[in-house]
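These are my notebook entries on one structure. I record what I looked up, entry by entry.

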Amino acid sequence: MLINHSKKILQILIFTFPLFMVVGSAIVNLSTMIISIIVLFFYYKEARAELFKNKIIIYLCLFFFYIFLNALINFSNIFTVGKSLGYFRFLLLSLSVFFVLTSMSEKQKSYFIYFNTFLIIFLCLDIIYQYNFNINLLGFKASFCTTDTNICERFAGMFDTELVAGAYLSQIGLLILFIITMTNNNISNLYFSKILIFSFFLFLFITIIITGERNAFLIFLLCIFFMYSLQKKLLKIFTSLLMLVLILFILIKNSNSVNARYYDFNKGWANIENSTIKDKIISSPWIFHYRAAFELFLEKPLLGHGPRSFRNKCQTTEIDKETLKKRVYYKDFRACSSHPHSYAFEFLSEYGLVGFLFYVGLIAIFFINLYKIRNKKKNKEFFLFIATSSLILAIIFPLKPSGSFLSTFNASMLFYVIGFNMYFFKEIK
């Protein structure tokens, strides 16, 4: 009886988890804690040890254990050590998603799709409303607004001051879109269903651009590129990316907000007259962060400085001291931040070469799994595995700016998607 109740609670939590991410980090942390307890209890009672033979799960166990061990070696305070141990909850989140999907009926899966489709559409409409009126349906104001021109550059909608709406839509939104695409057989008119899906695709992309999150925009483009590349559909790559870039160009020409975020965003970096492209690049805030992270990596190249160390250690770097001395020249941009804005440099500075190899290995695992299924039957699960693998690779792609890898919001989305990816991989084997 207790196991049956725990299964139902777990299903509800996984079912509504995308909504929890909208509410805020506190509810996400609470829900992942409950999810972790339930799934541990379930696997203990059911003795489902065979799941831990899964190579991705074993790899992620080693990965999180290394982070915990790294925190002990680079001990700064008990809070950091405890937090590093708590990162295991993200692995348990993936396991929970995997388990729930294997136990859900087709009807329950349909409810999941309907619920989250309406959620994504509502969030997009709210952001578009905020874009037009600088305030959303709950009264949350837009961000990065100038008082003289009344132009705002960032729109988070229901996320309020957390500027993560674009990241959410480019990850959870795309995940839902992929699932919808492969479950549209219930619509009798196939042509009509394709129009609906294509409209949703464009609607999602345009909303992501409006949010002003350039990283989310890159995730979207990279995901489409990887997805069609892996299926060797070169014409679709060209036409899709050309269409998306054309949409961006039209919005830049007709929207001051979009223009400020995607075209004129480098004007305020540094006071350099007649600056070249090289000058603009090396004076960008991202390069400052990367240089600080690389300085820290050179200090402790093997194991790094420990989890969440960049925000404090970066103050000792030469590049940060330089930006402080020349604050007028650099317009108050500093090398210091809460994270290096790059997963690659974050792993190098905080977890060293060992941690960086774990990061590279994680990327390699998804490519290996893609290679394994190349000759499998091209069914619904095959497509969804390709799609979710492409999304994961776009999220963790090393040559783009990013947030902090193990922040509550970023890690929750990533490992939620990984849970789906594990399930689809199992279904096509």
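**Entry 1: the disulfide of Cys314 and Cys336**

What is the torsion about the S-S bond of Cys314 and Cys336, and is the disulfide right-handed or left-handed? I noted first that I am working with a predicted model. The torsion came out at about 125°, so the disulfide is right-handed. I then looked up where the two cysteines sit. I found the sulfur atoms of Cys314 and Cys336 2.1 Å apart. Both cysteines are buried.

**Entry 2: the disulfide of Cys145 and Cys152**

I next asked how many disulfides a search of the whole structure finds. The search gives two. Besides the pair already recorded, a disulfide joins Cys145 to Cys152, with an S to S distance of 1.9 Å. Its torsion about the S-S bond is about 105°, so this disulfide is right-handed.

I checked the accessibility of each partner. Cys145 has 37% relative accessibility and therefore counts as partly exposed. Cys152 has 3%, which means that it counts as buried, the cut-off for buried being under 20%.

I also wrote down the pairing pattern. With the bonded cysteines of the protein chain numbered in sequence order, the pairing is 1-2, 3-4.

**Entry 3: the surroundings of Cys152**

Which element holds Cys152? I located Cys152 in strand β2. Leaving out residues up to four places away in sequence, I listed what Cys152 touches: Asn134, Ala142, Ser143, Phe144, Cys145 and Ser257. I also looked up the separation of Cys152 and Val258. Cys152 and Val258 are 106 residues apart in sequence, yet their C-alpha atoms are 9.3 Å apart in space.

**Entry 4: two further cysteines**

I looked up the accessibility of Cys61 and Cys223. Cys61, at 26% relative accessibility, counts as partly exposed. Cys223, at 0%, counts as buried.

**Entry 5: Ser412**

Is Ser412 buried or exposed? I found a relative accessibility of 1%, so Ser412 counts as buried. Ser412 lies in helix α19, which covers residues 408–428. Its side chain reaches the backbone oxygen of Thr408 at 2.6 Å. Apart from residues up to four places away in sequence, Ser412 touches Phe17, Met21, Val28, Phe90, Leu93 and Ser407.

**Entry 6: positive phi angles**

I turned to the backbone and looked up two residues. Asp160 is not a glycine, yet its phi is positive, at about 55°. I placed Asp160 in the loop between β2 (152–154) and α8 (165–181). With a relative accessible area of 26%, Asp160 is partly exposed.

What is the phi of His341? The value is near 65°, which is positive in a residue other than glycine. His341 lies in the loop between α16 (318–325) and α17 (343–372).

**Entry 7: a nonpolar patch on the surface**

Which residues form the nonpolar patch on the surface? I recorded Ile9, Leu30, Met33, Ile34 and Ile37, with about 440 Å² of accessible area together. I looked at Met33 individually. Met33 is in helix α3, and at 44% relative accessibility it counts as partly exposed.

**Entry 8: the chain as a whole**

I ended with the totals for the protein chain. The secondary structure comes to 19 helices and two strands. The chain has 429 residues, and buried residues make up 51% of them. The accessible surface is about 20600 Å², of which carbon and sulfur atoms supply 66%.

How much of the contact set joins residues at least 24 apart? Among contacts between residues at least 6 apart in sequence, I recorded a share of 72%.

Key:
Residues are numbered from 1 along each chain as its sequence is written. This is a predicted model: local features need pLDDT of at least 70, side-chain atom pairs count only at pLDDT 80 or more; totals for chains, interfaces and linings use all residues. Side-chain values use heavy atoms; hydrogens and water are left out. Helices (H or I, at least four residues) and strands (E, at least two) are DSSP runs, numbered from the N terminus. Buried means under 20% relative accessible area, exposed over 50%, partly exposed in between (1.4 Å probe, protein chains only). A polar contact is a pair of N or O atoms within 3.5 Å; within protein, one must be able to donate a hydrogen and the other to accept it, and residues adjacent in sequence count only if both atoms are side-chain atoms. Contact means heavy atoms within 4.5 Å. A disulfide is a pair of cysteine sulfur atoms within 2.5 Å. Patches are made of residues with over 30% relative accessible area and no salt bridge: like charges are joined within 9 Å, nonpolar side chains (Val, Leu, Ile, Met, Phe, Trp, Tyr) within 5 Å. Accessible areas come from the Shrake-Rupley method with a 1.4 Å probe; for residues, only the protein chains shown count as cover. A salt bridge is a side-chain nitrogen of Lys or Arg within 4 Å of a carboxyl oxygen of Asp or Glu.
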